[in-house]
Amino acid sequence: MASTAFDLGLRGVAVGLFLVICIVLLRCAPLRLAARLALAMSVAGAAYAISTAPFFPTGAFGWNSPFVVLSVGFPVVFWLWAHAIFNGDFALRPWHGVLWALVAGLGLMAYNGWSEWPDLAATCSRVLALASIGFALLAAAEIPRGWRAGPLTGRTSLLIALVVGITIHVVLTAASGLAAIPLKSMSLTYSLALGVSALLAAWLILFYGPQSRPVVGSGAAGRASEPVSLAGMSVSDQASLHRLDHVMTIERAYRREGLTIGALAVRLGIPEHRLRGLINDGLGHRNFNAFLNRYRIGEAKAALADPGQIDVPVLTIALDAGFQSLAPFNRAFKADTGLTPTEFRRRAAAAQRVAHAHIDNSISDFRIR
């Protein structure tokens, strides 16, 4: 009885941490793709903590079904999140949603179909376990991107530790299901692993910030609207960040073809490893490519929303911003905004027409009075 109470208490803590992560992420909107997937993963993690708890009803369809669907879809969301945090050009595709729906359907039948279709439920349970292991290993396969990005920073190390920990948890959970080990006998172990994962994720979000963290500075193309806090940084790091901001926003170094972090470090007069640390830990970017794309996409957004450039081809705007071709620009733009460049331009034009109409109506009303 005491172990059950401890199990439920751990799960309650995990659910609370996941809710804190959701609140923090929602307060940081608009979110980039990796942060949106982290939000979905937190919701799925909370659902998993609830749906695998002692006394949670399974075996028949009912009010418990939404919790089961969110829970069993976790491995797919986890794989997509790991892909997004280590790959700056990653973008969601419609087939990703179809894949999640298929896995969620398998899980719903595996958990709640026993009373009506026991043989089908058993088959779905085995397929679901194999699929969960596969997606967890695919997520772990993205880790080498983090190693290749350069010297490990605190943030990157924590991300890798989180991916490894969740992968081990998912694989062991699925393997125990294949081995027909009763869930109740492993419940406390699962809740401990879940609590550790939730704590790591909360630490990452609260102390390193979500992956929507803005670029230092404000006001020019390629900059975000809020400045990065320089609290806790050394005077030399603050000076380097201000110099970096000037080089990127005033001199627009991101437009240079083939710009590398080494070349930028030479231009700033600082060691490459120090610049990498400033970009990853100081500014919150997962790699140098994501850092460059933040400026390039910012300039492209301004150009696409400019009525005076309505006839300029998207390819020309992409090349002017520093991209080498249209395909990587489209992927990066969609990952950042959730829209294609053409859709973004169309919406911006529509918003401008509405604003102009409102101004014209206001002027007409003023003249009538």
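Author: Start with a pair of helices. Helix α2 covers residues 33-51, and helix α4 covers residues 74-86. The two pack with their axes 9 Å apart, at an angle of about 155 degrees. Angles over 145 degrees count as roughly antiparallel, so α2 is roughly antiparallel to α4. Their crossing is left-handed. Bear in mind that this is a predicted model.

Which residues of α2 and α4 meet? On the α2 side they are Leu-33, Ala-34, Leu-37, Ala-38, Ala-40, Met-41, Ala-44 and Gly-45. On the α4 side they are Phe-74, Val-77, Phe-78, Leu-80, Trp-81, Ala-84 and Ile-85.

Ala-38 sits in helix α2. Is Ala-38 buried or exposed? Its relative accessibility is 12%, so Ala-38 counts as buried. The limit for buried is under 20%. Setting aside residues up to four places away in sequence, Ala-38 touches Leu-25 and Trp-81. Trp-81 is one of the α4 residues that meet α2. Ala-201 is 163 residues away along the chain, yet the C-alpha atoms of Ala-38 and Ala-201 are separated by 9.1 Å.

Now turn to the α4 side. Leu-80 is among the α4 residues that meet α2. The C-alpha atom of Leu-80 is 7.5 Å from that of Ala-139, although 59 residues separate the two along the chain. Ala-139 belongs to helix α6, which spans residues 118-140. The relative accessible area of Ala-139 is 0%, so Ala-139 is buried. What does Ala-139 contact, beyond its neighbours within four places in sequence? The answer is Phe-78, Trp-79, Ala-82 and Val-163.

Next comes helix α9, residues 183-208, which holds Ser-197. Ser-197 has 13% relative accessibility and therefore counts as buried. Apart from its neighbours within four places in sequence, Ser-197 is in contact with Leu-162 and Ile-166.

A loop gives another view. Arg-252 lies between α10 (235-249) and α11 (261-268). Its relative accessible area is 31%, so Arg-252 is partly exposed. Its backbone deserves a look. Most residues other than glycine have a negative phi. Arg-252 is not a glycine, but its phi is positive, at about 55 degrees.

Now step back to the whole chain. The protein chain has 16 helices and 0 strands. There are 369 residues, and 46% of them count as buried. Consider contacts between residues at least 6 apart in sequence: 71% of these join residues at least 24 apart. The accessible surface comes to about 17,800 Å². Carbon and sulfur atoms account for 66% of that surface.

How far does the predictor's confidence reach? The average pLDDT of the chain is 79, and 81% of the residues score at least 70.

Note on methods. Residues numbered from 1 in each chain as written. Predicted model: local features only at pLDDT ≥ 70, side-chain atom pairs only at ≥ 80, totals over all residues. Heavy atoms only, no water. pLDDT = per-residue confidence, 0-100. Helix = DSSP H or I, 4+ residues; strand = E, 2+ residues; numbered from the N terminus. Buried < 20%, exposed > 50% of the residue type's maximum accessible area, 1.4 Å probe, protein only. Contact = heavy atoms within 4.5 Å. Areas by Shrake-Rupley, 256 points an atom, 1.4 Å probe, with all protein chains shown as cover. Axes fitted to C-alpha atoms, helices over the stretch in contact; angles between N-to-C directions. Parallel < 35°, antiparallel > 145°, perpendicular 65-115°, else oblique. Left-handed = near helix turned anticlockwise from the far one by under 90°.
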